[in-house]
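Subject: Structure handover

Hi,

Here is the structure I promised to pass on. Please open it first; my notes follow below.

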Amino acid sequence: MQITLNLPDSLSQTETFNQSDWLREIAIALFQQERISLSRASKIAGMEIMDFQKLLADRGICVHYDVEDLEQDVQHLRDRGWL
């Protein structure tokens, strides 16, 4: 499997990335290539799902929302007692 990782132009070669930065960028790349769900990508990135969605929107990346995402959201609402 080959994964292409596009880093934001705002990053320079002299900047150092910590582990969470790399995980976030990997999660974005995998999500953008539709290899993982939104929920899984936000977990890999170590972010709340809404914060991850905002990050995607800030980068102009469309959020594809599928049945798995819906099921996970419903389960999340049930776990919190909201359904």
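With which side chain does the side chain of serine 39 make a polar contact? The partner is the side chain of glutamine 72, at 2.8 Å. Keep in mind that this is a predicted model.

Some context on serine 39. It sits in helix α2. Setting aside neighbours within four places in sequence, serine 39 is in contact with Ile49, Asp69 and Gln72.

Now the helix itself. α2 covers residues 38–45. Serine 39 is one of its buried residues; Leu38, Ala41, Ser42 and Ala45 are buried too. Viewed down the axis of α2, the buried residues fall within an arc of 165°, so they line one face of the helix. What do they pack against? Three helices: α1 (19–32), α3 (49–58) and α4 (67–79). After α2 comes glycine 46, with a positive phi near 70°.

Then the surface. Val63, Tyr65 and Leu70 form a nonpolar patch there. Together they have about 270 Å² of accessible area. Valine 63 lies in the loop between α3 and α4. Where does valine 63 fall: buried, exposed or in between? Its relative accessible area is 35%. Buried stops under 20% and exposed starts over 50%, so valine 63 is partly exposed.

Over to you.

Best wishes

Key: Residues are numbered from 1 along each chain as its sequence is written. This is a predicted model: local features need pLDDT of at least 70, side-chain atom pairs count only at pLDDT 80 or more; totals for chains, interfaces and linings use all residues. Side-chain values use heavy atoms; hydrogens and water are left out. Buried means under 20% relative accessible area, exposed over 50%, partly exposed in between (1.4 Å probe, protein chains only). Helices (H or I, at least four residues) and strands (E, at least two) are DSSP runs, numbered from the N terminus. The arc is that of the directions from the helix axis to the C-beta atoms. Contact means heavy atoms within 4.5 Å. Patches are made of residues with over 30% relative accessible area and no salt bridge: like charges are joined within 9 Å, nonpolar side chains (Val, Leu, Ile, Met, Phe, Trp, Tyr) within 5 Å. Accessible areas come from the Shrake-Rupley method with a 1.4 Å probe; for residues, only the protein chains shown count as cover. A salt bridge is a side-chain nitrogen of Lys or Arg within 4 Å of a carboxyl oxygen of Asp or Glu. A polar contact is a pair of N or O atoms within 3.5 Å; within protein, one must be able to donate a hydrogen and the other to accept it, and residues adjacent in sequence count only if both atoms are side-chain atoms.
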